[in-house]
Amino acid sequence: DKDARLVNLTIDPGSVSPEYSIQSGQTAYNALVLTGTTSITVTPTVNNSSATITVNGTPVDNGTASGPITVSQGTTITIVVTAKDGVTQKTYTLTVAYPPVVVFTASTGSGTEAQAHPDPAITVSITPAPVAGQNIIVPFQVTSASTANEGQGWDYTIDKTPLHFGPGEQTKTINLTVLPHNWPLYWDRTIVLQLSQPSPAG
């Protein structure tokens, strides 16, 4: 028998992404875990119970969790399945991925209220980009060093919808619009955005 396929592959804690499917023929997967996770176990299940399994070179019984594996961002775990014939092998990999981290930069902009001003672009980045199966949400709120909140909806508008980053997306833009006024005297306002750390989108 030359069947060296897995029929299931799971980790604990965390999840395999994309979800394992024997029909896909895929052999490279991501192991999605929370930031700070330092150890996981891997449970591989073979399609033919006569096949044998190693995880990072250590034999593992079919459908049984491996011993704890020390991990960090980018760690690669290798699962090798050897068929009953003792020759045919298939190798699977799991790459550990934490949620991305905000590394945002804000490009500042200003405008007079005498006329509508082009929206100052505020660029928000996360690194690394989410991998397959990761959908990340970055909430933010408007704070101020002056009286920005008092002018919201009157002096300016801003879309306060949380930012959603899908697989491969690393940059999003928040649009702020300065509204027109014809008053001869008016005080300046400073608008500050405070971003939260990324978290998995529900």
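Author: Let's start with a strand pair. Strand 4 and strand 7 (residues 69-70) run antiparallel and are joined by two bridges. Strands here are DSSP runs of E, at least two residues, numbered from the N terminus, and two strands pair if DSSP finds at least two bridges between them. Across this pair, Ser 39 has Thr 70 in strand 7 as its bridge partner.

Reader: Which strand is joined to strand 4 by six bridges?
Author: That's strand 1 (residues 6-12), also antiparallel to strand 4. Here Asn 8 sits opposite Thr 45 of strand 4.

Reader: Why is strand 4 largely enclosed by the rest of the structure?
Author: Buried means under 20% relative accessible area (1.4 Å probe, protein chains only). Strand 4 spans residues 39-46, and six of its eight residues are buried, so the rest of the structure largely encloses it.

Reader: How far can I trust the coordinates?
Author: This is a predicted model, where local features need pLDDT of at least 70 and side-chain atom pairs count only at pLDDT 80 or more, while totals for chains, interfaces and linings use all residues. Residues are numbered from 1 along each chain as its sequence is written, and side-chain values use heavy atoms, with hydrogens and water left out. pLDDT is the predictor's confidence in each residue, from 0 to 100. The protein chain averages 82, with 76% of residues scoring at least 70.

Reader: And where is pLDDT under 50?
Author: Residues 113-117 are one such stretch, and residues 145-150 are below 50 too.

Terms used: Contact = heavy atoms within 4.5 Å. Buried < 20%, exposed > 50% of the residue type's maximum accessible area, 1.4 Å probe, protein only. Helix = DSSP H or I, 4+ residues; strand = E, 2+ residues; numbered from the N terminus.
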